[in-house]
Structure formats: C-alpha cells, structure tokens
Amino acid sequence: MRPDLFEAPDYYNLDDLLTEEHKLIRDAARAWVKRDVSPIIEEAAQNAEFPKSIIPGLSEIGAFGPYIPEEYGGAGLDQISYGLIMQEIERGDSGVRSTASVQSSLVMYPIWKYGSEEQRKKYLPKLASGEWMGSFGLTEPDHGSNPSGMITHYKDMGDHYLLNGAKLWISNSPFCNVAVVWAKNEEGRIHGLIVERGMEGFSTPETHNKWSLRASATGELIFQDVKVPKENLLPNKSGLGAPLGCLDSARFGIAWGAIGAAMDCYDTALRYAKERIQFGKPIAAFQLQQKKLAEMITEITKAQLLAFRLGQLKNEGRATSAQISMAKRNNVDMAIKIAREARQILGGMGITGEYSIMRHMMNLESVITYEGTHDIHLLITGLDITGENAFK
C-alpha cells in the first residue's frame, strides 16, 4: 500500500467548533492510525485476519469506553470525543472501528449503565485496558431486524441460570473473553447476561469467507446448557429497550465513523485526480471529475454538520433514538456512494489493494446493514414523524 498521506477535509472550518481537547484527542487517534494501522491493514484484509497487535494501541488512544468514567478505567470524555475517535479509526478501516465500537458501546456501555457496581469494578477496567475483549449477542440466525423474536433463553435453576441458544454475526466473538448476551427468561422478558469464556457449553466458532470487514473477526456465540452465575445478570434494566439503548450508542459512533471512511476515499480520489494525466492534463481538470469531487466534499460536509450537532445533543442528553437513526443511515449511505464514485475516478487502480477505496467500499456494505439496516432506519424516521408504525 502507498504511504498514508491523508489530509482531512474541513470545508466549513468545523475545527473552529471543537475544543482544544477534542482536537488533541482526534489528532492522537489520527497519528496512531497512520503509524500502526495503515501500514498493516491491507495485508490483514487480504488475509482475512484481525490484527490483534493493535489492541493495546486502541486502548492507548482511548477507543475502549472513551465516555466511561475514569473510576472504571475509561477516559471520561464527552460524546464528540467518542465520535472523533471513531471517525479516525474508520478512516483506517471499518473493521477496526467495529472492534472498538463493540467493546465500547455494546459491552462496556451496558455493564456501566445496566450493571451492578460489582460488575462495573470487575469487568470495565479490564475491558478499558484491552486486557479483556468483549462481544455483544443480540442478532440470531432467524432474528435480525426483529430482535424481539429471539429464541435464546435461560431458566432459573436455583443457584444459577441455564442458558441455551445461538447468536450470529458477532464481531469479536472468536477471541472475546466476555459476551454480553441478550436472552429471554421463562416469562419471555429480555435480560442481559455476562457470559465468560471458559464456561462449559459456551463456544465461539468463527465466520469465514467474508468479502467485507475482512480485517475484523466475526463469528457466532453458541450456548448449550451454559451455567451462568446469578451475579452475572445485568440488574438495572430489562426488556428490548436495554439492548436498543446500547445500539443507540453504537449507531452514534457509526455515524461519525462512516465520515472517516468517506474522507479517506475523497482524499485518495482528489490526490489521484491531481496526479493522473490524460489527454495532456490532470483528470482533475475535467468537468465530470470535478463534479464527482465537488459532490463528495459537499456530502461529507453535510454529514460532518449532522454528526457534530448530534454530538452536542448527545452531550446534553437530548439526542433521540430517531435522530441517531437518521444520522447513521444518512452518513453510511453518503460514505458508500462516495466510495463508489472515488473508485471510478481511480479507474482500474481503484480495485487494487494499493489504494484503500475498494476495501472501504466492501466494508461499508456491512456497515450499511449492521446496527439496523438502511431500510429499518428509514422506517424509524417514518414512525417518528408520522406516528404510524410500519413495522407490523
């Protein structure tokens, strides 16, 4: 792969809206991606391997639970800082950002928000440091967009719970130390359980032959009469709203992360268009290429403004689930379209691993589906503005 010469576009001077702390946090994440991710990510994607060597670096830049209070090992940062870190990591690779998103929003967040004080002290510091890695079990083989239909369940056996079922499309599962698993009790109520590697009957087979998120480890969570200690039940929230609250946090991170992928594709295409000579001049001088590039920077700028305002609302505790859905849907759709246009600017070179664009494009095909599909988020907005439920 070519040297990482990335320069972030900021057409509307959004840096002026960031605090000095925001910029320091972002710049540290950006420098880390250039140094530790960019040189290895193409080979990792080609080999379909998650580069575990980067886990300590993710912890060092605050990517694991950046908004978790310092007393539990987190960085105690605000939501805009979280978004900026996700943006920079996904500029490197969506799969790496997925690893951080799952750890932060889908594992640490529910333990922090819904867990007991004992659970927080036991798990969060190890997750924040990267000593332990986590996964999140909600999606099942037959229940994706309809998680309330899950069949994974547990029974009260007196001194423990007995867990049975299976989860699919689980990031980090092949190497996770703990999994936050959502299952129904005997009354059909959804609860979260912390399942630890080594518990008898718990296995995590890896999913192979992916064309997308190849540098991310994906697998299953399988539970066959797993004995889960009663103290591993998350006590402070139950029902479908509990896992959906985690997804709100993850979707917020994705709304920022997708901007990073789009910025990388735009920056690559702009640099290439200035250097590639055809018909005696750079292709950047041709109207159709300028149209593509001008539309790219316009859409990136709109997405940046959307994410920044959402970050302000999230900091104030006023961001709604529907607002987060809108940002996730819009920004991922924007990014995947920019990846496709950028690939065209590079012509045949755009499909090679010498450039990052095709890898981003393939990754975004997953990002546009996970944490709520493109269509589901549209219906969430539709429900919010009309009051009419189109899901049933």
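Guide: The charged end of lysine 281 sits over the ring of phenylalanine 286, at 4.7 Å from the ring centre. A charge is said to sit over a ring if NZ of Lys or CZ of Arg is within 6 Å of the ring centre and within 35 degrees of the ring normal. The model is predicted, with local features needing pLDDT of at least 70 and side-chain atom pairs counting only at pLDDT 80 or more, while totals for chains, interfaces and linings use all residues. Residues are numbered from 1 along each chain as its sequence is written, and side-chain values use heavy atoms, with hydrogens and water left out.

Lysine 113 also has its charged end over a ring, that of tryptophan 112, 4.8 Å from the centre. Trp112 belongs to an aromatic cluster that also includes Tyr109, Tyr114 and Trp182. Aromatic pairs number 15; rings of Phe, Tyr and Trp (its six-membered ring) pair if their centres lie within 6.5 Å, and planes under 30 degrees apart count as stacked, over 60 as edge-to-face and the rest as tilted.

Charges also meet charges. The count of salt bridges is 20, each being a side-chain nitrogen of Lys or Arg within 4 Å of a carboxyl oxygen of Asp or Glu. Arginine 26 and aspartate 15 form one of them, at 2.6 Å from N to O. Arginine 26 is in helix α1 (residues 20-47) and aspartate 15 in the segment before α1, so this bridge ties together parts 11 residues apart in sequence. Helices (H or I, at least four residues) and strands (E, at least two) are DSSP runs, numbered from the N terminus. Arginine 26 is buried at 8% relative accessible area, whereas aspartate 15, at 25%, is partly exposed. Buried means under 20% relative accessible area, exposed over 50%, and partly exposed in between (1.4 Å probe, protein chains only).

Since glutamate 88 lies in helix α3 (residues 79-92) and arginine 30 in helix α1, the pair ties together parts that are 58 residues apart in sequence. Both partners are buried: glutamate 88 has 0% relative accessibility, and arginine 30 has 16%.

Glutamate 117 and arginine 120 meet at 2.8 Å, N to O; they are three residues apart in helix α5 (residues 117-129), or about one helical turn. Glutamate 117 is partly exposed at 28%, and arginine 120 is buried at 15%. Elsewhere, Asp4, Arg91 and Asp264 are linked in a network of salt bridges.

The nonpolar side chains complete the picture. A nonpolar core is a set of buried Ala, Val, Leu, Ile, Met, Phe, Trp, Tyr and Cys residues joined through side-chain atoms within 4.5 Å. The largest core has 101 residues, and Leu58, Ile89, Ile111 and Trp182 touch the most other members. Helix α6 (residues 241-275) gives this core its largest share, 18 residues. Apart from it lies another core of 17 residues, including Ala179 and Leu193.

Overall, the chain has 10 helices and nine strands. Of its 392 residues, 57% count as buried.
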